[in-house]
Amino acid sequence: MKVVVGPDPSLVYRPDVDPETVKDKSSFRNYTSGLLLDRVFATYKLMHTHQTVDFVRKKHAQFGNFSYKKMTILEAVDMLDQLIDESDPDVDFPNSFHAYQTAEGIRRAHPDKDWFHLVGLLHDLGKVLALAGEPQWAVVGDTFPVGCCPQASVVFCDSTFQDNPDLRDPRYSTELGMYQPHCGLENVLMSWGHDEYMYQMMKFNKFSLPPEAFYMIRFHSFYPWHTGGDYQQLCSEKDLAMLPWVQEFNKFDLYTKCPDLPDVDKLRPYYQGLVDKYCPGVLNW
(Lines give C-alpha, C1' and ligand atoms only; values in the text may rest on other atoms or scores of the structure.)
Protein backbone atom coordinates (compact mmCIF):
# COMPACT_ATOMS: atom_id res chain seq x y z
CA MET A 1 0.00 0.00 0.00
CA LYS A 2 1.34 3.43 -0.94
CA VAL A 3 0.96 6.18 1.62
CA VAL A 4 0.84 9.62 0.06
CA VAL A 5 2.27 12.44 2.15
CA GLY A 6 2.54 16.13 1.48
CA PRO A 7 5.62 18.00 0.29
CA ASP A 8 8.72 17.40 2.35
CA PRO A 9 10.33 20.81 2.79
CA SER A 10 13.53 19.15 3.94
CA LEU A 11 13.82 17.64 0.47
CA VAL A 12 12.43 20.41 -1.72
CA TYR A 13 15.10 22.96 -0.84
CA ARG A 14 18.65 21.88 -0.17
CA PRO A 15 21.79 23.99 0.26
CA ASP A 16 25.29 23.54 -1.08
CA VAL A 17 24.21 21.70 -4.19
CA ASP A 18 26.86 20.92 -6.77
CA PRO A 19 25.91 23.12 -9.75
CA GLU A 20 26.75 20.25 -12.07
CA THR A 21 23.94 18.15 -10.61
CA VAL A 22 21.04 20.57 -10.94
CA LYS A 23 19.62 22.74 -13.70
CA ASP A 24 18.99 25.79 -11.54
CA LYS A 25 20.86 25.82 -8.26
CA SER A 26 19.05 29.00 -7.16
CA SER A 27 15.91 26.96 -6.58
CA PHE A 28 17.38 25.19 -3.56
CA ARG A 29 16.68 26.61 -0.09
CA ASN A 30 14.63 29.31 -1.82
CA TYR A 31 11.92 30.39 0.60
CA THR A 32 10.81 33.50 -1.27
CA SER A 33 9.51 32.05 -4.53
CA GLY A 34 8.72 28.77 -6.20
CA LEU A 35 5.76 26.65 -7.16
CA LEU A 36 5.68 24.80 -3.85
CA LEU A 37 6.15 27.85 -1.65
CA ASP A 38 2.54 28.01 -0.43
CA ARG A 39 2.50 24.39 0.61
CA VAL A 40 5.95 24.56 2.17
CA PHE A 41 4.94 27.69 4.08
CA ALA A 42 1.78 25.95 5.30
CA THR A 43 3.85 23.02 6.57
CA TYR A 44 6.16 25.32 8.51
CA LYS A 45 3.24 27.38 9.81
CA LEU A 46 1.73 24.23 11.34
CA MET A 47 5.13 23.12 12.65
CA HIS A 48 5.97 26.46 14.22
CA THR A 49 2.51 26.73 15.77
CA HIS A 50 2.28 23.26 17.29
CA GLN A 51 5.87 22.28 18.10
CA THR A 52 5.93 23.28 21.76
CA VAL A 53 7.70 21.95 24.84
CA ASP A 54 4.52 20.12 25.85
CA PHE A 55 4.00 18.64 22.37
CA VAL A 56 7.58 17.38 22.09
CA ARG A 57 7.49 15.82 25.54
CA LYS A 58 4.26 14.03 24.65
CA LYS A 59 5.83 12.65 21.46
CA HIS A 60 8.81 11.37 23.41
CA ALA A 61 6.39 9.61 25.73
CA GLN A 62 4.30 8.28 22.83
CA PHE A 63 7.17 6.83 20.82
CA GLY A 64 9.85 6.43 23.47
CA ASN A 65 9.04 2.82 24.28
CA PHE A 66 9.60 1.90 20.61
CA SER A 67 6.63 -0.42 20.35
CA TYR A 68 5.40 0.83 16.96
CA LYS A 69 6.99 -1.94 14.92
CA LYS A 70 9.72 -4.57 14.89
CA MET A 71 11.88 -4.74 11.76
CA THR A 72 15.43 -4.78 10.49
CA ILE A 73 17.24 -1.75 9.09
CA LEU A 74 16.91 -2.90 5.50
CA GLU A 75 13.22 -3.62 6.00
CA ALA A 76 12.87 -0.01 7.14
CA VAL A 77 14.78 1.19 4.07
CA ASP A 78 12.34 -0.75 1.88
CA MET A 79 9.44 0.67 3.88
CA LEU A 80 10.41 4.18 2.77
CA ASP A 81 9.20 3.23 -0.68
CA GLN A 82 5.64 3.40 0.64
CA LEU A 83 6.09 7.16 0.97
CA ILE A 84 5.29 9.12 -2.18
CA ASP A 85 5.43 12.87 -2.47
CA GLU A 86 2.63 13.48 -4.96
CA SER A 87 3.50 17.18 -5.14
CA ASP A 88 6.71 16.46 -7.04
CA PRO A 89 6.08 15.07 -10.52
CA ASP A 90 9.78 14.97 -11.38
CA VAL A 91 10.70 12.14 -9.04
CA ASP A 92 9.55 8.72 -10.17
CA PHE A 93 12.01 6.52 -8.28
CA PRO A 94 11.71 5.04 -4.79
CA ASN A 95 12.63 7.05 -1.72
CA SER A 96 15.05 4.32 -0.68
CA PHE A 97 17.25 5.28 -3.62
CA HIS A 98 18.03 8.59 -1.88
CA ALA A 99 19.32 6.61 1.10
CA TYR A 100 21.62 4.55 -1.10
CA GLN A 101 22.71 7.60 -3.14
CA THR A 102 23.65 9.44 0.05
CA ALA A 103 25.49 6.43 1.41
CA GLU A 104 27.36 5.84 -1.83
CA GLY A 105 28.39 9.50 -2.05
CA ILE A 106 29.88 9.25 1.42
CA ARG A 107 31.51 5.93 0.57
CA ARG A 108 33.29 7.45 -2.43
CA ALA A 109 34.55 10.43 -0.43
CA HIS A 110 35.37 8.52 2.78
CA PRO A 111 36.20 4.96 1.74
CA ASP A 112 37.91 4.20 5.07
CA LYS A 113 34.93 5.09 7.29
CA ASP A 114 32.37 2.33 6.90
CA TRP A 115 30.30 3.63 9.84
CA PHE A 116 29.89 6.92 7.93
CA HIS A 117 28.57 5.00 4.90
CA LEU A 118 25.93 3.44 7.12
CA VAL A 119 24.87 6.86 8.44
CA GLY A 120 24.01 7.80 4.87
CA LEU A 121 21.67 4.83 4.68
CA LEU A 122 20.13 5.46 8.10
CA HIS A 123 19.63 9.20 8.15
CA ASP A 124 16.04 9.43 6.90
CA LEU A 125 14.66 6.19 8.31
CA GLY A 126 12.84 8.13 11.02
CA LYS A 127 10.37 9.10 8.31
CA VAL A 128 8.62 5.81 9.04
CA LEU A 129 6.77 8.06 11.52
CA ALA A 130 4.64 9.18 8.58
CA LEU A 131 3.50 5.58 8.19
CA ALA A 132 2.51 5.59 11.85
CA GLY A 133 0.06 8.38 11.08
CA GLU A 134 2.14 11.36 12.15
CA PRO A 135 1.39 14.63 10.33
CA GLN A 136 3.93 16.00 7.87
CA TRP A 137 4.93 18.90 10.12
CA ALA A 138 5.89 16.44 12.88
CA VAL A 139 8.11 14.30 10.63
CA VAL A 140 10.05 16.42 8.13
CA GLY A 141 11.50 19.88 7.69
CA ASP A 142 14.19 21.90 9.43
CA THR A 143 14.43 21.39 13.19
CA PHE A 144 14.93 23.87 16.03
CA PRO A 145 15.07 23.86 19.84
CA VAL A 146 11.80 24.26 21.69
CA GLY A 147 11.77 25.99 25.06
CA CYS A 148 13.50 29.16 23.88
CA CYS A 149 12.85 31.94 21.41
CA PRO A 150 13.45 30.94 17.76
CA GLN A 151 16.45 32.60 16.21
CA ALA A 152 16.67 34.57 13.00
CA SER A 153 17.80 31.79 10.65
CA VAL A 154 14.84 29.52 11.42
CA VAL A 155 12.97 29.36 8.13
CA PHE A 156 9.94 31.70 8.01
CA CYS A 157 10.85 32.79 11.55
CA ASP A 158 9.14 36.17 11.33
CA SER A 159 5.82 34.93 9.97
CA THR A 160 5.01 31.50 11.42
CA PHE A 161 5.44 31.55 15.22
CA GLN A 162 2.73 34.06 16.12
CA ASP A 163 0.32 31.38 17.33
CA ASN A 164 2.87 29.27 19.22
CA PRO A 165 1.77 29.42 22.89
CA ASP A 166 5.32 28.94 24.20
CA LEU A 167 6.29 32.37 22.93
CA ARG A 168 3.69 33.86 25.30
CA ASP A 169 5.20 31.93 28.20
CA PRO A 170 8.00 33.85 29.96
CA ARG A 171 9.79 30.56 30.73
CA TYR A 172 10.28 29.84 27.02
CA SER A 173 10.27 33.19 25.23
CA THR A 174 13.79 34.47 25.84
CA GLU A 175 16.98 33.70 23.96
CA LEU A 176 17.98 31.09 26.54
CA GLY A 177 14.47 30.16 27.63
CA MET A 178 14.54 27.12 29.91
CA TYR A 179 18.23 26.42 29.27
CA GLN A 180 21.50 27.42 30.89
CA PRO A 181 24.21 29.11 28.80
CA HIS A 182 26.28 26.57 26.85
CA CYS A 183 24.35 23.68 28.38
CA GLY A 184 25.11 21.53 25.36
CA LEU A 185 22.75 20.40 22.62
CA GLU A 186 22.48 16.98 24.27
CA ASN A 187 20.52 18.76 27.01
CA VAL A 188 18.27 20.66 24.58
CA LEU A 189 14.76 19.57 23.64
CA MET A 190 14.64 19.62 19.84
CA SER A 191 11.46 19.92 17.78
CA TRP A 192 9.96 16.51 17.09
CA GLY A 193 10.58 14.83 13.75
CA HIS A 194 12.46 12.09 11.96
CA ASP A 195 15.88 13.27 13.21
CA GLU A 196 15.04 13.12 16.90
CA TYR A 197 13.03 9.92 16.58
CA MET A 198 15.82 8.09 14.74
CA TYR A 199 18.45 9.34 17.19
CA GLN A 200 16.41 8.09 20.13
CA MET A 201 15.70 4.80 18.34
CA MET A 202 19.44 4.27 17.78
CA LYS A 203 20.15 4.87 21.46
CA PHE A 204 17.31 2.56 22.53
CA ASN A 205 18.58 -0.25 20.30
CA LYS A 206 22.21 0.37 21.32
CA PHE A 207 23.73 0.94 17.88
CA SER A 208 27.51 0.52 18.16
CA LEU A 209 28.28 3.59 16.05
CA PRO A 210 30.66 6.40 17.11
CA PRO A 211 29.31 9.60 18.70
CA GLU A 212 29.78 11.47 15.41
CA ALA A 213 27.15 9.22 13.82
CA PHE A 214 24.59 10.02 16.49
CA TYR A 215 25.24 13.75 16.06
CA MET A 216 24.81 13.52 12.29
CA ILE A 217 21.50 11.72 12.63
CA ARG A 218 20.10 13.96 15.35
CA PHE A 219 21.11 17.32 13.89
CA HIS A 220 21.24 16.90 10.10
CA SER A 221 18.02 18.94 9.76
CA PHE A 222 19.09 21.55 12.32
CA TYR A 223 19.91 24.08 9.59
CA PRO A 224 19.68 27.12 11.88
CA TRP A 225 22.71 25.70 13.72
CA HIS A 226 24.93 23.95 11.20
CA THR A 227 24.25 26.36 8.33
CA GLY A 228 22.70 29.46 9.92
CA GLY A 229 25.23 29.70 12.74
CA ASP A 230 22.55 30.37 15.36
CA TYR A 231 21.97 28.90 18.84
CA GLN A 232 25.62 29.30 19.79
CA GLN A 233 24.46 30.28 23.28
CA LEU A 234 23.35 26.69 23.85
CA CYS A 235 26.42 24.97 22.42
CA SER A 236 29.12 23.27 24.44
CA GLU A 237 32.69 22.69 23.33
CA LYS A 238 31.63 19.17 22.38
CA ASP A 239 28.95 20.53 20.04
CA LEU A 240 31.43 22.83 18.33
CA ALA A 241 33.83 19.92 17.89
CA MET A 242 31.06 17.83 16.32
CA LEU A 243 29.78 20.59 14.04
CA PRO A 244 32.25 19.91 11.19
CA TRP A 245 31.08 16.28 11.09
CA VAL A 246 27.45 17.34 10.74
CA GLN A 247 28.42 19.81 8.03
CA GLU A 248 30.43 17.16 6.22
CA PHE A 249 27.47 14.79 6.27
CA ASN A 250 25.16 17.45 4.86
CA LYS A 251 27.28 17.77 1.74
CA PHE A 252 25.87 14.38 0.75
CA ASP A 253 22.30 14.76 2.01
CA LEU A 254 21.06 16.61 -1.03
CA TYR A 255 17.90 16.54 -3.00
CA THR A 256 19.22 15.90 -6.48
CA LYS A 257 17.16 14.27 -9.18
CA CYS A 258 20.04 12.13 -10.26
CA PRO A 259 19.33 10.02 -13.34
CA ASP A 260 21.99 7.51 -12.32
CA LEU A 261 20.02 5.37 -9.92
CA PRO A 262 22.04 3.02 -7.75
CA ASP A 263 21.92 -0.71 -8.38
CA VAL A 264 20.33 -1.56 -5.06
CA ASP A 265 20.54 -5.31 -5.54
CA LYS A 266 24.28 -5.00 -6.10
CA LEU A 267 24.81 -2.67 -3.13
CA ARG A 268 22.56 -4.44 -0.66
CA PRO A 269 25.09 -7.10 0.47
CA TYR A 270 27.65 -4.42 1.37
CA TYR A 271 25.17 -2.49 3.49
CA GLN A 272 23.80 -5.67 5.01
CA GLY A 273 27.34 -6.29 6.22
CA LEU A 274 27.46 -2.84 7.82
CA VAL A 275 24.09 -3.39 9.45
CA ASP A 276 25.30 -6.73 10.81
CA LYS A 277 28.37 -4.98 12.23
CA TYR A 278 26.73 -1.96 13.86
CA CYS A 279 22.99 -2.59 14.32
CA PRO A 280 22.11 -6.22 13.60
CA GLY A 281 18.86 -8.13 13.75
CA VAL A 282 15.26 -7.19 14.31
CA LEU A 283 15.04 -3.80 16.03
CA ASN A 284 12.36 -1.97 18.01
CA TRP A 285 10.90 1.04 16.21
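The buried residues of helix H6 pack against helix H4 (73-79), H5, H8, H9, H11 and H12, where contact means heavy atoms within 4.5 Å. H6 itself is mostly covered, with 9 of its 9 residues buried; buried here means under 20% relative accessible area, exposed means over 50%, and partly exposed lies in between (1.4 Å probe, protein chains only). This is a predicted model, in which local features need pLDDT of at least 70 and side-chain atom pairs count only at pLDDT 80 or more, while totals for chains, interfaces and linings use all residues. Residues are numbered from 1 along each chain as its sequence is written, and side-chain values use heavy atoms, with hydrogens and water left out.

**The chain as a whole**

- The secondary structure comes to 12 helices and 4 strands; helices (H or I, at least four residues) and strands (E, at least two) are DSSP runs, numbered from the N terminus.
- Of the 285 residues in the chain, 57% count as buried.
- Among contacts with a separation of 6 or more, 80% come from residues 24 or more positions apart.

**Helix H6**

- The buried residues of H6 include Asp 114, Trp 115 and Phe 116 at one end of the list, and Gly 120, Leu 121 and Leu 122 at the other.
- His 117, Leu 118 and Val 119 are also among the buried residues of H6.

**First annotated group: His 98, His 123, Asp 124 and Asp 253**

- The UniProt annotation "binding site", from an unreviewed entry, covers His 98, His 123, Asp 124 and Asp 253; UniProt positions are given in the numbering used here, feature names are shortened, and annotations may be inferred rather than shown by experiment.
- These residues span 156 residues in sequence, yet no two of their C-alpha atoms are more than 10.2 Å apart, so they gather at one spot.
- His 98 is found in helix H5 (residues 96-109), and it is buried, with a relative accessible area of 13%.
- Asp 253 lies in the loop between helix H11 (237-250) and helix H12 (264-278), and counts as buried at 3% relative accessibility.
- The side chains of Asp 253 and His 123 are joined by a polar contact of 3.0 Å. A polar contact is a pair of N or O atoms within 3.5 Å; within protein, one must be able to donate a hydrogen and the other to accept it, and residues adjacent in sequence count only if both atoms are side-chain atoms.

- His 194 is found in helix H8 and counts as buried at 1% relative accessibility.
- Leaving out residues up to four places away in sequence, His 194 touches several residues, including His 123, Asp 124 and His 220. Its side chain also reaches the backbone oxygen of Val 139 at 2.8 Å.
- Where does His 220 sit? The place of His 220 is in the loop between H9 and helix H10 (223-226), and His 220 counts as buried at 1% relative accessibility.
- With residues up to four places away again left out, the partners that His 220 touches include His 123, Asp 124, His 194 and Asp 253. A polar contact of 3.2 Å joins the side chains of His 220 and Asp 195.

**Helices H8 and H9**

- Helix H8 (residues 194-204) and helix H9 (residues 211-219) pack at an angle of about 150°, with their axes 7 Å apart. That makes H8 roughly antiparallel to H9.
- Axes are lines fitted to C-alpha atoms, for helices over the stretch in contact, and angles run from 0 to 180 degrees between N-to-C directions; under 35 degrees counts as roughly parallel, over 145 as roughly antiparallel, 65 to 115 as roughly perpendicular and the rest as oblique.
- On the H8 side, Asp 195, Glu 196, Met 198, Tyr 199, Met 202 and Lys 203 meet Phe 214, Ile 217, Arg 218 and Phe 219 in H9.

**Two positive phi angles**

- Phe 156 is not a glycine, although its phi is positive at about 60°. Phe 156 lies in the loop between helix H6 (114-122) and helix H7 (157-160), and is buried, with a relative accessible area of 14%.
- Lys 206 also is not a glycine and has a positive phi, of about 55°. Lys 206 lies in the loop between H8 and H9 and counts as exposed at 68% relative accessibility.
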